[in-house]
Amino acid sequence: MLVLSRKTNEKIKIGEDIEITIVSVSGEVVRVGIEAPKEVKILRSEVYEEISRQNQAAAETKDNKFNQAAISLLRTKLTE
Amino acid sequence: MEEKNIIIFPQGVPGFEKYREWSFVIEEEAPLAQLVSVENEYIGFVLTRPEVYFADYLTEIETEIDLDTQKVLEIKENTELNVWNILCIAEDIIETTINLKAPLLINLENQIGCQLILNQEKYDSKQLLFSHQNMKENKEGVTG
């Protein structure tokens, strides 16, 4: 991993189109500004991980709880 | 009556990146669908339409459909996107949650789908599905 030291308001350029600015540093919190083309998806990594975990929790129910009875109950509930 | 399609998720689904082909069955009677991996039938999701309980949801997420996602889904001007959200079904059905943070966008014209992760903080990946509606009902009446 490339590690760079930067001060507040200093920037890092990644390729042609992406620029990262260190907006402020306060204790443990670093505020980072990102300028990137619209098609570049920017996400906090933990959000992706959270969605992965949530998907796994939702899918796992197929083995134990995700059975026809549960779905049928849900179906009833949703059409009430 | 149901409608069945095979949907390709070119980027996979977070947590299940290697599964690209999913069978997608939409129910007619209830706002429900099932998305089951073609490669592994034990991996499946139960989905619901978000607008049933969250009226403004579709308009509010529209601005978050970024160019990359539009390209993946091959969205054209007249494309009608299908938006579905994954349910996490709880043993007590009333505790079932809906993942509003990461809707599934499906283009039925070309059978391509993706799971979009929203940037807005407003939506939770574990939103109780029946929280608004059930205030007036008692628990026994729902689960019994």
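How many residue pairs are in polar contact between chain B and chain A? The count is 8 residue pairs, both residues at pLDDT 80 or more. A polar contact here is a pair of N or O atoms within 3.5 Å; within protein, one must be able to donate a hydrogen and the other to accept it, and residues adjacent in sequence count only if both atoms are side-chain atoms.

## Ground rules

This is a predicted model, where local features need pLDDT of at least 70, side-chain atom pairs count only at pLDDT 80 or more, and totals for chains, interfaces and linings use all residues. Residues are numbered from 1 along each chain as its sequence is written, chains are lettered from A and ligands numbered from 1 in the order in which they are written, and side-chain values use heavy atoms, leaving out hydrogens and water.

## Confidence

The model comes with ipTM 0.85 and pTM 0.82. Chain B has a mean pLDDT (the predictor's confidence in each residue, from 0 to 100) of 86, with 89% of its residues at 70 or more. Residues 134-144 of chain B are another story, with pLDDT below 50; this stretch still has 15 contacts in the model beyond near neighbours in sequence. A contact means heavy atoms within 4.5 Å.

## Where the chains meet

Chain B puts 50 residues into the contact and chain A 31. About 3400 Å² is buried between them, 62% of it from carbon and sulfur atoms; buried area is the accessible area (1.4 Å probe) that two parts lose on being put together, summed over both. B:Ile89, B:Ile93 and B:Ile117 supply 16% of what chain B buries against chain A, more than any other three residues.

There are 2 salt bridges across this interface, a salt bridge being a side-chain nitrogen of Lys or Arg within 4 Å of a carboxyl oxygen of Asp or Glu. A:Arg44 forms one with B:Glu121, with 3.3 Å between the closest N and O atoms.

## A hairpin in chain A

In chain A, strands S1 (residues 11-14) and S2 (residues 18-26) pair in the antiparallel sense over 4 bridges. Strands are DSSP runs (E, at least two residues), numbered from the N terminus, and two of them pair if DSSP finds at least two bridges between them. A:Lys13 stands opposite A:Glu19 in S2(A). The hairpin has 3 residues between its strands, and A:Gly15 takes a positive phi near 60°.

A:Asp17 lies in the loop between S1 and S2 of chain A. Its relative accessibility is 51%, so A:Asp17 counts as exposed (over 50%; buried is under 20%, partly exposed in between, with a 1.4 Å probe and protein chains only). Leaving aside residues up to four places away in sequence, A:Asp17 touches A:Glu35, A:Ala36 and A:Pro37.
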